2 protein chains.
Amino acid sequence: MRLLREHDCGDVLFAGRVARPRFSEINVDAKAVLLLPRVVSAARKGDDALLRALVDILDAEGFRSVGIAEAAPGLLVPDGVLGQRKPDLDNERDIARGVKVVRRLGALDVGQAAIICDGLVLAVEAAEGTDAMILRAAGLPESVRGAAGRRQGVLVKALKPRQDGKTDLPVIGIQTVENAARAGLAGIAVEAARTLIVSRDAVVDAADAAGLFLLGFAASAYPD
Amino acid sequence: MRLLREHDCGDVLFAGRVARPRFSEINVDAKAVLLLPRVVSAARKGDDALLRALVDILDAEGFRSVGIAEAAPGLLVPDGVLGQRKPDLDNERDIARGVKVVRRLGALDVGQAAIICDGLVLAVEAAEGTDAMILRAAGLPESVRGAAGRRQGVLVKALKPRQDGKTDLPVIGIQTVENAARAGLAGIAVEAARTLIVSRDAVVDAADAAGLFLLGFAASAYPD
């Protein structure tokens, strides 16, 4: 906060990846000593709770937290199919189940992503992150997943129900497509307008080249 | 079923680990052709649905399916602490959160286990199985998990809410304790009377030697 004020920053936008610190090893000044208990207590509830506590603290200090949707709406996944492929009926069914699983997990502040293949939940994201989760699915026996010649299964990512969309939006990029291709998946379905896509053209090209669909779905398409 | 009848078997007990087959590659006789669609459709809903379909088919053919609780009650985890260590207050809190997460997952027929460390859900089990899940937690940064000198976090396993307890009971064994120790966990909490413990004495000794607690909890201790 001192640095922000020194540089006359009024708006704050959260971006990038942060590793959870060990709070007992953080050096704190007099102000942070007072704030830390609240942060530590929020951290115990999950990433979403932790980030909301940080945003609240900055707000109370007079900073304005800005979401990606406001600052760079062009980075958000639009509604609809992005590349050449479309999900088929099997994929649609996997997406519907995936949305349900991801919502329940998100409500518990566990993770934002899951992989469903022919109805079966192959993998569910917690602290390891999406890439590690996809690679895990790639390591499962071929009998339960797809492969390059016969792609099957879907990666679903969505915002946690309680998230306000200002921090920790789901993200996809080239790596996501490459890993999904390696896991034999048929495609990727993410919540439209609330998921970031980094290097969009390159990501769509990669998905087309690998034969994967890329779908932005409206949350309202899957009522609970 | 032909083999069972040839050998005059009336009771059937499901035990051991089964890899999901690729159903399109199974050779079926005239009878199985009629049953397969039902099995495939159940398989799409999850392991629990699949196993219940198989039990129902055997029941309809006049076989009696027997649960472990009936055939070998001594293999079940009893209520209470099994070894020398007891969960502390932090562990108790992690257990409570873990039970909640595992129940929600189980209700979706996703998995039976999760790892919680200081409130944070480190890992959640889907198709990869419990051992792979624990080893994944062992690979997370040390800032979010425990270690040998300062054990923290709990593995929680429980039956899926819809399971009848006849098939696919949660299981723990030496491997579970060894992996949990490697992941820096403080202990293992499983649903009493509905979890199998293989080589109980050896498992308790291993937990004591590693400094882990082993707890069988009553489901009623954690009302939803």
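Buried means under 20% relative accessible area, exposed means over 50%, and partly exposed is in between, with a 1.4 Å probe and protein chains only. By that scale Arg64(A) is partly exposed, with a relative accessible area of 40%.

Some ground rules. This is a predicted model, where local features need pLDDT of at least 70 and side-chain atom pairs count only at pLDDT 80 or more, while totals for chains, interfaces and linings use all residues. Residues are numbered from 1 along each chain as its sequence is written, chains are lettered from A and ligands numbered from 1 in the order in which they are written, and side-chain values use heavy atoms, with hydrogens and water left out.

Back to Arg64(A). Its partner in a salt bridge is Glu70(A), and the closest N and O atoms are 3.1 Å apart. The term salt bridge here is a side-chain nitrogen of Lys or Arg within 4 Å of a carboxyl oxygen of Asp or Glu. Glu70(A) is also partly exposed, at 49%. Over all chains, the rule gives 33 salt bridges.

Asp224(A) and Arg103(A) form a salt bridge at 3.6 Å, N to O. Asp224(A) lies in the segment after strand E10 (213-217) of chain A and Arg103(A) in helix H5 of chain A, so the pair ties together parts that are 121 residues apart in sequence. Helices (H or I, at least four residues) and strands (E, at least two) are DSSP runs, numbered from the N terminus. Asp224(A) is exposed, with a relative accessible area of 76%.

In chain B, Arg103(B) and Asp224(B) meet in a salt bridge, 3.6 Å from N to O. Again the two ends are 121 residues apart, with Arg103(B) in helix H5 of chain B and Asp224(B) in the segment after E10 of chain B. Is Arg103(B) buried or exposed? Arg103(B) is buried, at 18%, whereas Asp224(B) is exposed, at 75%. There is also a network of salt bridges that links Glu128(A), Arg136(A), Glu128(B) and Arg136(B).

Now the sheet. In chain A, six strands make an open sheet in the order E3-E10-E8-E6-E4-E5, with mixed pairing. Its edge strands, each pairing on one side only, are E3 (80-81) and E5 (120-124) of chain A. Two strands pair if DSSP finds at least two bridges between them. Strands E6 (residues 154-157) and E8 (residues 187-191) of chain A run parallel and are joined by four bridges, and Val156(A) stands opposite Ala189(A) in E8(A).

How many residues of strand E8 of chain B are buried? Five of the five are, so the strand is largely enclosed by the rest of the structure. Gly187(B), Ala189(B) and Glu191(B) are buried on one side of E8(B), and Ile188(B) and Val190(B) on the other. E8(B) pairs in the parallel sense with strand E6 (residues 154-157) of chain B over four bridges, where Lys157(B) has Val190(B) as its bridge partner. Five bridges join E8(B) to strand E10 (residues 213-217) of chain B, also parallel, and there Ala189(B) stands opposite Leu215(B).

Last, one more residue. Arg162(A) lies in the loop between E6 and strand E7 (171-172) of chain A. Arg162(A) is partly exposed, at 44%.
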